[in-house]
Amino acid sequence: MKKNDNSADYVKFFRQSSPYIHAHRGKTFVIMLGGETLAHPNLSNIISDIALMSSLGVRLVLVHGARPQIDERLRERGIKTTLHNERRITDKKSLECVKDAVGNMRTLIESRLSVGLVNSPMHGARIRVVSGNFVTARPLGVLDGIDFQYTGEVRKVDSQAIDHLLDSGYVVLLSCLGLSPTGGIFNIEAEEVATRTAISLGAEKLILYGEQQGVFDQQGDLINRISPHDGSLELVLQSGESKRLLSSAVMACSEGVERAQIISYQDDGALLMELFTRDGAGTLISRDHYEEVRGATIEDVGGILELIRPFEEKGILRRRSRKELEREIRLFSVVLLDGMIIGCAALHPYCENGVSRAELACVVVHPEYRQAQRGDRLLAHIEALAKKKGMNEIYVMTTQTAHWFIERAFTEVSCEDLPQELKAKYNARRQSKAFVKKIPLS
């Protein structure tokens, strides 16, 4: 039976997601659902995706807010509150509205996670949710001469109790309310609760839902990845929700959380795309080398073979056996994207008449990942390596990518002008074109 395009896409997605399914099992994720998320029509799909995470063995802590719901109750009761530095000043009257809204949102989430209709994605999920006094708060106090009254901040998260519940298979639900040892109740920013919880638990991921797809630069382009130590962070930090989410993500990663992700509650399936595809669906803030170019190791042989096999079958590259690749692995450099080898190149050294030269061979970038100038990054890495080793010239022979090398300052040469060792290995049947690039060593 012939598969349609949708079936083929599904099979491809499912196969590519399998490494992530294994990697995420048993890991702790903290997911923040702001009040805007809870009010959006896409909430049912988000809850279904969260249930899927739980069924795949992910340890989940959900943190919810209630900003628009609090605003609505304040308007209904004719209570006016003020903001200072984008933070609500919570007095005694407005605190009642906060408690009312937060309680309703907690009930909403619990009810959505309890759905088990036969024809729904939640059928058979059997999610067990538990809430409690896991967040200890203290008053924010007086800032800039302003008393924030019942607005507070996180003092402590009972990570031991939360860990015990996660080990027992529960989904833990936290709100933006914190309790003090004296019995006081304080209104805390949901982003702060989520961040401090992720740090206290040593979570692998902090996932923050926002209105936008992620973080955008000054030109309006989505930033796919940011390092928490990136010096250009100030250029993308603006105001409002974007600033709150990015600040929270950066703080979490700076204090031990491996990765934080900002995704949109408006995009159906954003959570699945962010967690189960390499390209993701939002902005990733990561402490590790999510994408890097480095020298290859013996463990990379399998990934390189898988990458170059289609090009060998098409005759674009000459065939290499596993033994040959293992023997020459120290000559290879690779491009890794979230652990997957998506590019490679080999630099073979030669020395003739006292001149140090090299051949650039097996240059490949996976067809699905040729954006973002990855080929240029790989070539720059190779040229820097050649310069470091004192190589004056880099030669390359190609049948398919002549113009790509010409555009990068390679000059075509005849076969007769090749160094002796390269001339000896030249395969006339392939009719490859030869190019050279001078490497300035000073």
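Tutor: Strands (E, at least two residues) and helices (H or I, at least four) are DSSP runs, numbered from the N terminus. The model is predicted: local features need pLDDT of at least 70 and side-chain atom pairs count only at pLDDT 80 or more, whereas totals for chains, interfaces and linings use all residues. Residues are numbered from 1 along each chain as its sequence is written, and side-chain values use heavy atoms, leaving out hydrogens and water.

Student: Which strand supplies the largest share of the lining of the second largest pocket, and what makes a residue part of a lining?

Tutor: A lining residue has an atom within 4 Å of a point of the pocket, an open set on a 1 Å grid where a 1.4 Å probe fits, with protein on both sides within 12 Å along at least five of seven lines. Here 32 residues line the pocket, with Leu317, Val363, Met397, Thr398 and Thr401 nearest its centre. The largest share, 7 residues, comes from β22.

Student: Why are β19 and β24 called edge strands?

Tutor: Two strands pair if DSSP finds at least two bridges between them. The open sheet runs β19-β20-β21-β22-β23-β25-β24, with mixed pairing. β19 (291-295) and β24 (411-413) each have a single partner strand, so one side of each is left without a neighbour in the sheet.

Student: What makes β19 and β20 a pair?

Tutor: They share 5 bridges in the antiparallel sense, and the definition asks for at least two, so they pair. Glu291 stands opposite Leu337 in β20.

Student: Which strands does helix α11 touch?

Tutor: Contact means heavy atoms within 4.5 Å. Helix α11 (residues 301-313) packs on the sheet and touches β20, β21 and β22.

Notes. Axes fitted to C-alpha atoms, helices over the stretch in contact; angles between N-to-C directions.
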